[in-house]
Every structure is written in C-alpha cells, then in structure tokens.
Amino acid sequence: IIPTDDQLEYVKKMSDKYGVSYENVQWRKGGIYQGIQPLWTRNRQHREVVWGNTVVTFGDTDKNIFGHEFSHIIQFSTQGWAAFQGKGIFEQLHNNGN
C-alpha cells in the first residue's frame with residue numbers, strides 16, 4: 001500500500017526526530033498474516049505487526065497506529081533484528097498476544 005500523508009503524519013515527525021528514515025519501510029496490507037492473526041488474539045481482534053522493515057496494516061489503520069508501528073521500526077534499527085524480534089516474540093507469548 002501507499003500510505004496517505006495524513007496516515008504518515010506522526011511517522012514523518014518521528015523520522016525527523018530520531019533520524020530513522022521511513023522511506024524504505026514497506027507498508028503492506030492483507031496477505032496470509034491478516035487471515036490467521038486473529039486466531040491467536042483475545043476477542044479475535046486484528047493487530048498490525050512489524051517484521052524487520054515491513055509493517056503489515058489493515059484498511060482502517062490510522063495515523064496513530066502508523067506512528068506506533070514506526071516506533072518499532074526505530075527499535076529495530078537501534079537494537080538490531082535478533083534482539084528486536086526476540087523481545088517481540090517473548091512479549092507476545094508472555095502476554096498471550098495482548
């Protein structure tokens with residue numbers, strides 16, 4: 001997908017503040033993740049996710065969520081792939097996906 005300027009409002013501000021470019025982030029919508037992801041979350045809610053430098057969003061994802069997910073891109077860029085993904089997986093398992 002190509003996010004709108006409104007959806008990227010906070011992303012652009014965070015990019016400037018932390019010096020992490022948003023221009024190479026891949027924003028995706030749909031796919032198998034969105035089909036199976038609600039199976040392991042409470043109340044079958046959908047959740048956006050970051051895998052490396054890719055953000056998987058939904059049709060109703062707003063600028064607040066885009067900003068939140070970009071904060072994970074910032075974490076990824078400062079912590080490295082293994083530490084970031086390891087912490088994320090641990091937290092998801094420990095908190096039952098919430």
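**Exercise 1. Which residues of β3 are buried on one side, and which on the other?**

Solution. Before starting, note that this is a predicted model, where local features need pLDDT of at least 70, side-chain atom pairs count only at pLDDT 80 or more, and totals for chains, interfaces and linings use all residues. Residues are numbered from 1 along each chain as its sequence is written, and side-chain values use heavy atoms, with hydrogens and water left out.

Step 1: Strands are DSSP runs of E with at least two residues, helices are runs of H or I with at least four, and both are numbered from the N terminus. Buried means under 20% relative accessible area, exposed means over 50%, and partly exposed is in between (1.4 Å probe, protein chains only).

Step 2: sort the side chains. In a regular strand they alternate between the two faces of the sheet.

Step 3: read off the faces. Thr54 and Val56 are buried on one side of β3, and Val55 and Thr57 are buried on the other. Both faces of β3 are covered, then.

**Exercise 2. Work out the strand order of the sheet and say why β1 and β2 stand at the edges.**

Solution. Step 1: place the strands among the other elements. The protein has four helices and three strands, and from the N terminus on they run α-β-α-β-β-α-α.

Step 1: find the pairs (two strands pair if DSSP finds at least two bridges between them). β1 and β3 are parallel, with four bridges; there, Trp27 has Val55 as its bridge partner in β3. β2 and β3 (residues 54-57) run antiparallel and are joined by three bridges, with Val49 opposite Val56.

Step 2: You get an open sheet, β1-β3-β2, with mixed pairing. β1 (26-29) and β2 (49-51) each have a single partner strand, so one side of each is left without a neighbour in the sheet. From one strand to the next, the twist averages 25 degrees (axes are lines fitted to C-alpha atoms, for helices over the stretch in contact, and angles run from 0 to 180 degrees between N-to-C directions).

**Exercise 3. Which face of α1 is buried, and what does it pack against?**

Solution. Step 1: list the buried residues of α1, which are Val11, Met14 and Ser15. Seen down the axis of α1, they fall within an arc of 105 degrees, so they line one face of the helix. That arc is taken from the directions from the helix axis to the C-beta atoms.

Step 1: find the partners, using contact as heavy atoms within 4.5 Å. The buried residues of α1 pack against β1 and α3.

Step 2: check the end. Just after α1 comes Gly19, with a positive phi of about 70 degrees.

**Exercise 4. Trace α3 from its cap to the residue that follows it.**

Solution. Step 1: start at the N-terminal end. Asp62 caps α3, with a side-chain oxygen 3.0 Å from the backbone nitrogen of Asn64.

Step 1: check the span. α3 (residues 63-79) has 17 residues and reaches 24 Å from its first C-alpha to its last, close to the 24 Å expected at 1.5 Å a residue. The expected span is 1.5 Å times one less than the number of residues.

Step 2: see what is inside. Buried residues of α3 include Phe66, Phe70 and Ile73, and the cover over the buried set includes α1, β1, β2, β3 and α4 (81-94).

Step 3: finish at Gly80, which follows α3 and has a positive phi near 90 degrees.

**Exercise 5. Is Gln7 buried or exposed, and what does its side chain reach?**

Solution. Step 1: locate Gln7 in the segment before α1 (9-18). Gln7 counts as buried because its relative accessibility is 16%.

Step 1: follow the side chain of Gln7. One of its polar atoms lies 2.9 Å from the backbone nitrogen of Thr4, and the side chain reaches the backbone oxygen of Thr61 at 3.1 Å.

Step 2: list the neighbours. Not counting residues up to four places away in sequence, Gln7 touches Thr61, Lys63 and Phe66.

Terms used
Polar contact = N/O pair within 3.5 Å; in protein donor to acceptor, adjacent residues only side chain to side chain.
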